[in-house]
Amino acid sequence: MLSAQEIAQFTEVCTRIGDEVADESGFVKIRDLLNRFHASVIVRPLLVEGMLASIEERPSNGPQSQRWAVLIDSETYRISDADIANESSSCPLAPRLRNTIAHELAHSLAFRPSEFGITLNHSHGGETKGRFVRSIEHMTEGLSPLLLFTDKALRQLIKGRKTQVSVEELDDLRQRLGISRDVLVARLWRLRVAEDGRFRDSTALRGLGVGIGEWTPDGGARLRSWPLYINFDRNIAPSVFRMLPKQDRLSARTAFPDVDWVLSGGREHKTTFLCEQASQHSNYQRGSWWRPPYRQRRARAAVPFSM
Ligand SMILES: [Zn+2]
C-alpha cells in the first residue's frame, strides 16, 4: 500500500497542476495538460483503452532524452491531432477520452521524481509487486478528477452563493468542464478529507447529497453506492445516504416510498423523506463519519440524483 503521505503528495501535485493549466473558468484543455506533462498522444490499435509509454530518444548529435506519450486505442477513439489542437471549453473532447488521458498522465508522476518532486518508497515492507501496482492504480483513479475538475472551477462554483447548488447546475458544470458524472461526484467526494474545508463548508456544497443512478426498464431507478457525495451538518441526513454505502444498485422505490416521485416511476420532481442521524456503528464507505445519537426529522428534497 502507498502511505498516506505519498497519497497526499500525489493529491497536492495534481491539484496544483489542474489549477495551473485551467483557463479562467476552470476548464482544462487536454493539449495544455499534455504540454504541462511534456507528453503527446499517439492513436493506434491497442488491446486496452489507453496506456502510458516512455520513449527514449537520442538525436545524432545530442544527449539521450526521454519523452512521454499517452497511447490511445484507435478503435475506441477516432480522434486526430487536430481534434486535440482545436479543443475548447465550448467544444470539449469526449469526457471519457479526457479522463483516460488525464489518468495516464497522472500515472507518469510516479516515474518522474525530478520533474514533479514525488518519490515513492519502493520497498513497501515485503508487499508483492502485484499488490503494490494495484494500490497505485487505485490511487491514480482518484487523481484524474483533480486534474479535470479544478480548484478554480470549484472556487467559481461556490463564489458568493447563498443557496446550495442544484442538480441542474452541477449537470451544466459537468458539461462545461467536459467531465462525466462519475468524475464530478468523485471529485466532490474527495472534499470530505480535504484539510482546507472552504469548499466542503461552503453554502453551495453543504446540506447536500449527490449520487448517480440508472433508470430501470419499468421507469424506476437504481441508485449506485459509488461515487457518492454526502455533506450534511451534524450528519443528519436522508436515510438513503445511510443505506446506499452498504447496498449498490438500491432500488429508489425502497429508498423513497413516495410512488409519485420521478425516481420511483412517478412524475413529481420533489419528495419529502425522513432524515436521521445514524448510529455510531453505521460505517460510511471509505471513512466513517456518522456519529450518535440517532435523530429523525422530515425534509423536502428535489431529485438529488443526476441521471
Ligand atoms: Zn491506470
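Tutor: Start with a term. Helices and strands are DSSP runs, numbered from the N terminus. Remember too that this is a predicted model.

Student: Then where does Pro 227 lie?
Tutor: Pro 227 sits in the loop between strand 5 (221–223) and strand 6 (229–231). The peptide bond from Trp 226 to Pro 227 is cis, with omega near -5°.

Student: What is the general rule for such bonds, and for phi?
Tutor: Most peptide bonds are trans, and most residues other than glycine have a negative phi. Now look for exceptions in phi. His 38 has a positive phi, near 50°. Asn 235 has a positive phi as well, near 60°.

Student: Where is His 38 found?
Tutor: His 38 is in the loop between helix 2 (30–36) and strand 1.

Student: And where is Asn 235 found?
Tutor: Asn 235 is in the loop between strand 6 and strand 7 (236–238).

Student: Is His 38 buried or exposed?
Tutor: Count neighbours. His 38 has 12 other C-beta atoms within 10 Å, so His 38 is exposed.

Student: Is Asn 235 buried or exposed?
Tutor: Asn 235 is buried, because 20 other C-beta atoms lie within 10 Å. Across the chain, buried residues make up 30% of the 307 residues.

Student: How many helices and strands does the chain have?
Tutor: The chain has twelve helices and eleven strands.

Student: How do I read a sheet?
Tutor: Ask for the order, then the pairing.

Student: Which sense does each pair take?
Tutor: Strand 1 and strand 3 (residues 65–73) are parallel, over six bridges. Strand 2 and strand 3 run antiparallel, joined by eight bridges. Pick out single partners next. Ala 39 has Trp 68 in strand 3 as its bridge partner. Glu 57 stands opposite Ser 65 in strand 3.

Student: How do side chains sit along a strand?
Tutor: In a regular strand they alternate between the two faces of the sheet.

Student: How do I read a core?
Tutor: Look for buried nonpolar residues that are joined together. The largest nonpolar core here has 58 residues. Those with the most contacts inside this core are Leu 33, Leu 105, Leu 147, Leu 148 and Val 185. Helix 10 (residues 181–190) gives the most to this core, with six residues. The core draws at least three residues from each of domain 1 (4–148) and domain 2 (156–302).

Student: What is Leu 105 in contact with, leaving aside its neighbours within four places in sequence?
Tutor: The partners are Leu 33, Phe 37, Ala 39 and Val 70.

Methods. Residues are numbered from 1 along each chain as its sequence is written. This is a predicted model: local features need pLDDT of at least 70, side-chain atom pairs count only at pLDDT 80 or more; totals for chains, interfaces and linings use all residues. A nonpolar core is a set of buried Ala, Val, Leu, Ile, Met, Phe, Trp, Tyr and Cys residues joined through C-beta atoms within 7 Å. Helices (H or I, at least four residues) and strands (E, at least two) are DSSP runs, numbered from the N terminus. Domain bounds come from an automatic or database domain assignment. Two residues are in contact if their C-beta atoms, placed from the backbone, lie within 7 Å. Two strands pair if DSSP finds at least two bridges between them.
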